[in-house]
Amino acid sequence: MVSHAITSSRHVKNSARLKPFPYLGGGFFVLGLSLSNTEGSVESDNAPTPWNVAREAKDATQAKKTPLASGQVQGAFVGRRGRVFWMALRFGVYTLLTVGMYRFWMKTRLRRWYWSSVRIGGIPLEYVGDPLEKVLGFLIAVVFLAFYIGVVNLLLMFASFSLFQGEYPAYILSFAGVIPFWFYARYRARRYVLARTRWRGVRFGLAPGAWGYVGRALALWIVTILSAGMLWPLKTFWLEKYVTDRTWFGTVRMEQGGRWTMLFRPFLNVVFPGVGLAGLMIWVGYSERFKGGEMAAGAVLAVWSLIGLVHYQVQAKRLLANAKRAANMGLVAEPRTRTVFRIYVVGYGIAGIVSSVALVPIALAGLIVFEASGGSMGAVQEILAGMPVWAAPVVGGLSYFAMFLMWSALRQAFVTMPLWRLYADTLSVIGADAMGQVQQRPRDEFAEAEGFAEALDVGAAI
Amino acid sequence: MKSITSTIVRVGRKPAQLGALGAFFDGQSAQAHAVRLSIDETRAELVIAWGNTEVRWPLAEIRAVPDQAEQGDLVLMWPGAPLERLMTDESRIAVRCPELRKPVVKVSRWRIATWANAALASVALIILVLVPRMADQLATFIPPAGEKALGDATLERVRSSLDGTGVGQLALCDAPEGRAALDKMTARLTAGYELATPLDVHVLDQKMINAFALPGGHIVLVDGLIQAAETPEALAAVIAHEVGHVVGRDATRHALRSAGSIGVLGLLFGDFAGGALVLFLTEQLIQANYSQSAESTADSFAHEMLSKAGVSPAALGDMFEGFRKRFGDNDGIVAHFVSHPSLGDRIDAAHRAIQTDMQVRPILGDTAWQALRNICR
Ligand SMILES: [Zn+2]
């Protein structure tokens, strides 16, 4: 027996030092105790071992949350703000110094951190994507996209100037041509990320089907636009269902339950102010009056629609999550709109204010030049012209980069991370006792990783 | 069952007989195994045991899963069985694993190198061969109105990028007397020429010594050049040379090329560095290094134009030489002209082009020349 050599006194002393052991949820402690409950050990299932005591203490601190049903495991976010701030700042500097090459490592390392921050029932997610694999995928995408962007853009530019005497038709056509690829890239990126996500040692996966996604996304977008946005929930639901129904955790397929109409209730808070704003515009256009009353109404409606959009975003996520099933497992999500809205306002506020400090040198320089010139515009130009040629670009460039770095690091720390924390903390998995039946799935090789998404700037969360 | 020696966990310097607990995931199912950890000293292996099962990882090869948010515990793996994971808060195990922080390479370097070369080759092919060839072909097909629009758009871009403050556009100089003198000079040069697009000569209020042609008959003189020109004939020579580029549609080719290349380079460097790159390329547009044949064609055109206008074509060569003496080889227009290997040849050619019986008349009177020099005042 393995535990022969372990004397009980030694064991107790050692484990007293250990922190509560959170990984395994309820089941483990029964198992853990039965392991300890071997010869030489005085512990029994009911004895107050240090492990048990510690766990109860931890439970007590969480008791204010909704009590968990049996087989329900709670999500939690363990990452700290300071760490992600410094990571994002440091990686941003590396990215800058390597002319963008480090961004693949930055993305990978931030994802590892975020994934490992999310613990469900004490067990973290793991991101196993590889930076070099992203470099490879990017290079593959470049081989294909360079042709498109170089040759097709040139032809479009030529056609646009020849036929329309302007560059905007080319931009519009070029943009329109990229839209299907954009959806394609988005699905492929999701597939890559899921294929590189593990929980409890088991891979997630997304079945192939990117072109099907492109077709549905285009059709649903057209329907949404034709309905003046009224059918937005239809689009949200069916796209989510398409992806969820192709998502696997190991050998278990997920399923999106529910109906698209369930998203309508939260959507009303977008519809009402939207209709109100349209009505106001018609009224202003008709009466040619835009005074205090109209302004106040406009401001109220604008703020309402903004809050409504956030509300829809959060509640759609919640409703969709709660209607997801995988075998007999399910999700319970309880995020609150209020919290998300607060994170947006406070987070972007902090990021905006602090990062704009990077502009202080420029403003100061401007002020000094203006003072020295005695306020006349001609003298300002004289002084500017007298500066060395490199001065303006160098000062401007440094400030730009400093601002950009600050902004992205602060956004990680005050927007992205709090949002992840909120969603992780308010998530739980039900039916988790069936977890043992989930078997591993084969590796999805996926040579191009998320190269297309990277190249087309699909804007994945991190 | 292993012998008792295999169950000793040795942590730190002293051998200690203690058990550590962990959660083990075998990578086969999502089942969490509550395991007891020990170290087999004779084989230098970590023994992970539960029930009747036992998994062994060589201590020397154990890695910590990197970038973990929770640093109070260990998430360990062994590259030999990449799906298995062990979680424990017995952090002293770390002391026994020498390679804990070494990265695991999963992607073959050879494949990366292959695709990197393929990507570079395709980008090079597109930027250096395909786009220029196509641009050259398309430039001859673009109708005059389209060319004009392309030129207008390019001029806007150039003016924005040259503006030091970064918000507005660099001013164009238009003092009436100066304008009249410039028009007079242009009219005299182009007399007897049927140009596909009418010339549009601008003066940019900047100190740079430069002049460039843009698509659609735009010729841009920078004020610095006008101040640096010793005689009106020198300036006329520059204009004639740029008209040569307009007639040869060199600028149109260039603008179309950059329309194709800017996107590709932006793609390579991402949005972080991409913005700066586009600015740099606009800069390149006015530094316009045309091919040598384009330059000598423009030069011969300028010789002819100057002779027809009754200006000594030697003005072209004299101007090159004068600028070179005063400013060296690496500044603005000097670089543009001097980048060609045979400046001496061109000066000779310029002298040879002088017909002995040619009637040389000054292109501008003193008053007009002064007015032109003050066009930005
Ligand atoms: Zn030239």
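Analyst: A residue is called buried when its relative accessible area is under 20%. The model examined here is a predicted one. By that criterion, buried residues make up 56% of the 377 residues in chain B. Chain B contains eleven helices and ten strands. Among the contacts in chain B between residues at least 6 apart in sequence, 61% join residues at least 24 apart.

Two packed helices are described by the angle between their axes and the distance between the axes. In chain B, the pair to consider is helix α3, residues 176–190, and helix α5, residues 232–247. Their axes come within 11 Å and cross at roughly 60 degrees. Angles from 65 to 115 degrees count as roughly perpendicular and those under 35 degrees as roughly parallel; α3(B) and α5(B) are therefore oblique to each other. The crossing of α3(B) past α5(B) is right-handed. On the side of α3(B), the contact is made by B:L182, B:M185 and B:L189. On the side of α5(B), the residues are B:P232, B:L235, B:A236, B:I239 and B:A240.

Helix α5 of chain A spans residues 103–117, and helix α6 of chain A spans residues 131–164. The axes of these two helices come within 8 Å and cross at roughly 135 degrees. Because only angles over 145 degrees count as roughly antiparallel, α5(A) is classed as oblique to α6(A). Here too the handedness can be stated: α5(A) passes α6(A) in a right-handed crossing. From α5(A), the contact involves A:R103, A:F104, A:W105, A:T108, A:R111 and A:R112. From α6(A), the partners are A:P131, A:L132, A:K134, A:V135 and A:F138. The residues of the contact of α5(A) with α6(A) divide into six nonpolar, one polar and four charged.

Helix α5 of chain A also holds A:S117. A:S117 is buried, with a relative accessible area of 0%. Leaving aside residues up to four places away in sequence, A:S117 touches A:A76, A:F77, A:V78 and A:G79, and also B:A69 of chain B.

A:Q256 lies in strand β7 of chain A, which covers residues 252–256. With a relative accessibility of 3%, A:Q256 counts as buried. Residues up to four places away in sequence again being left out, A:Q256 touches A:F237, A:E240, A:K241, A:T244, A:D245, A:L320, A:A323 and A:K324. The C-alpha atoms of A:Q256 and A:L231 are separated by 19 Å, and these two residues are 25 residues apart along the chain.

Finally, chain A may be described as a whole. Chain A has 16 helices and ten strands, and 48% of its 462 residues count as buried. Its accessible surface comes to about 22,600 Å², of which 69% belongs to carbon and sulfur atoms. Of the contacts in chain A with a separation of 6 or more, 75% are accounted for by residues 24 or more positions apart.

Technical notes: Residues are numbered from 1 along each chain as its sequence is written. Chains are lettered from A and ligands numbered from 1 in the order in which they are written. This is a predicted model: local features need pLDDT of at least 70, side-chain atom pairs count only at pLDDT 80 or more; totals for chains, interfaces and linings use all residues. Side-chain values use heavy atoms; hydrogens and water are left out. Axes are lines fitted to C-alpha atoms, for helices over the stretch in contact, and angles run from 0 to 180 degrees between N-to-C directions. Helices (H or I, at least four residues) and strands (E, at least two) are DSSP runs, numbered from the N terminus. A crossing is left-handed if the near helix is turned anticlockwise from the far one by less than a right angle, and right-handed if clockwise. Contact means heavy atoms within 4.5 Å. Ala, Val, Leu, Ile, Met, Phe, Trp, Tyr, Cys and Pro count as nonpolar, Asp, Glu, Lys and Arg as charged, and the others, Gly among them, as polar. Buried means under 20% relative accessible area, exposed over 50%, partly exposed in between (1.4 Å probe, protein chains only). Accessible areas come from the Shrake-Rupley method with a 1.4 Å probe; for residues, only the protein chains shown count as cover.
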